[in-house]
Amino acid sequence: MKIALLPGDGIGPEIMAEAEKIIDFFVREGEHIETETALVGGAAVDQFDDPLPDTTLQLCLAADAVLFGSIGGPQYDTLPRPKRPERGLLRLRKAMDLFANLRPARVYEALADSSTLKKEVVAGLDIMIVRELTGDIYFGEPRGIHINDQGLRCGVNTMTYDENEIKRVAHWGFQAAQKRHGSLCSVDKMNVLETTQLWRDVVIEVSRDYPDVKLTHMLVDNAAMQLIRNPQQFDVIVTGNLFGDILSDEASMLTGSIGLLPSASLNQSGQGLFEPIHGSAPDIAGRGIANPLAQILSLAMMFRYSLKRIDLADRIESAVEKVINQGIRTQDIVRPGESAVSTSAMGDAVLSALA
Ligand code: NAD
């Protein structure tokens, strides 16, 4: 297993160090895992004047999977756009053709009162949102702002999907459902948008390959409401880029902590980039207090989805759950009266739970 490690900026290197402890542990157990670290984002701009140097890109393309930390920081906000850290990540996603974005939102029993929703609504919540990442209204042409026939400024974006783009992400949705609890809800707006009528038709066609998965459909406005009203009804949700962008943020906030949520972005061959959903947290960087669990859970997703080592993924996820149940907390999830542990103490706790 060849893994490219891109720690990035801010808290990225701090939380990546904790994920590396887990990798080293598996290597000591006899697993054949090769890792190589490279610069990306602001750290790469500082050294190479490029947020995605060619050496980093080539390393990622040759790897089985990429474990990504986080990028960005206020010192880079005034750079010309092509030099900005986030441009490096966008270029990498494009070069690897990562079209399926998997975002789990899970509420650990012991942390259910961290959510802004009532505990009984979210306790035990475990949803996976599969969002299409490379098409839809974000990329459709024509686009832009022009002056129309009446001399008024007019904004245009184009929602478009072809059937192959829908098919390939639908397959990821069904396969994720097979690996979880066997049900898939496809979200669209077929009552008013033809593009999403096609979405629904194609998802139904793909469903014939997955008779073991129960498929349902929901309009996006209802899905936004149901995620708040009764989120436990969902197992896997598959949807387009625009709806997925909004619904995945909504779902992640049900859990109450950004420091716990991993994500995966995958291409056709199953190669993927795995990263926490949070950013580089410049406000706490360098203080050793960041929560490394989203990074560690991103590593678990890597074993599950790219490296096909479900056994190792299950072990990491059980270890994280054990640590949370033991009441070990970093400052972002600590409750009044409890004391917080450091980033590295949290990593060590996961390691002991694993052992
Ligand atoms: P952020 O996610 O970095 O931080 C938001 C808040 O959550 C902060 O208070 C931070 O301290 C806290 N937080 C985030 N991760 C945490 C963790 N693991 N443990 C404990 N607390 C944590 O979002 P932001 O402040 O809006 O953005 C900071 C920088 O990150 C910006 O430059 C932004 O562009 C970049 N960013 C990068 C990514 C990415 O790398 N994919 C994603 C989002 C934002």
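**Exercise 1.** Work out how much area domain 1 and domain 2 bury between them, and which residues of domain 1 lose the most.

*Solution.* Domain 1 and domain 2 bury about 1400 Å² between them, with 68% of this on carbon and sulfur atoms; buried area is the accessible area (1.4 Å probe) that two parts lose on being put together, summed over both. On the side of domain 1, Phe99, Asn101 and Tyr305 lose the most area to domain 2, and together they make up 42% of what that side buries. The model is a predicted one, in which local features need pLDDT of at least 70 and side-chain atom pairs count only at pLDDT 80 or more, while totals for chains, interfaces and linings use all residues. Residues are numbered from 1 along each chain as its sequence is written, and side-chain values use heavy atoms, with hydrogens and water left out.

**Exercise 2.** Find the salt bridge between domain 1 and domain 2.

*Solution.* The domain assignment, which comes from an automatic or database source, gives domain 1 as 1-102 + 260-355 and domain 2 as 116-255. Between these domains the count is one salt bridge, meaning a side-chain nitrogen of Lys or Arg within 4 Å of a carboxyl oxygen of Asp or Glu. The side chains of arginine 168 and aspartate 97 meet in a salt bridge at 3.6 Å, N to O.

**Exercise 3.** Identify the strand that pairs with β4 and the sense of the pairing.

*Solution.* Strand β4 (residues 100-106) pairs with β5 in the antiparallel sense over seven bridges, where strands are DSSP runs (E, at least two residues) numbered from the N terminus, and pairing requires at least two DSSP bridges. Asparagine 101 stands opposite arginine 131 in β5.

Notes: Helices (H or I, at least four residues) and strands (E, at least two) are DSSP runs, numbered from the N terminus.
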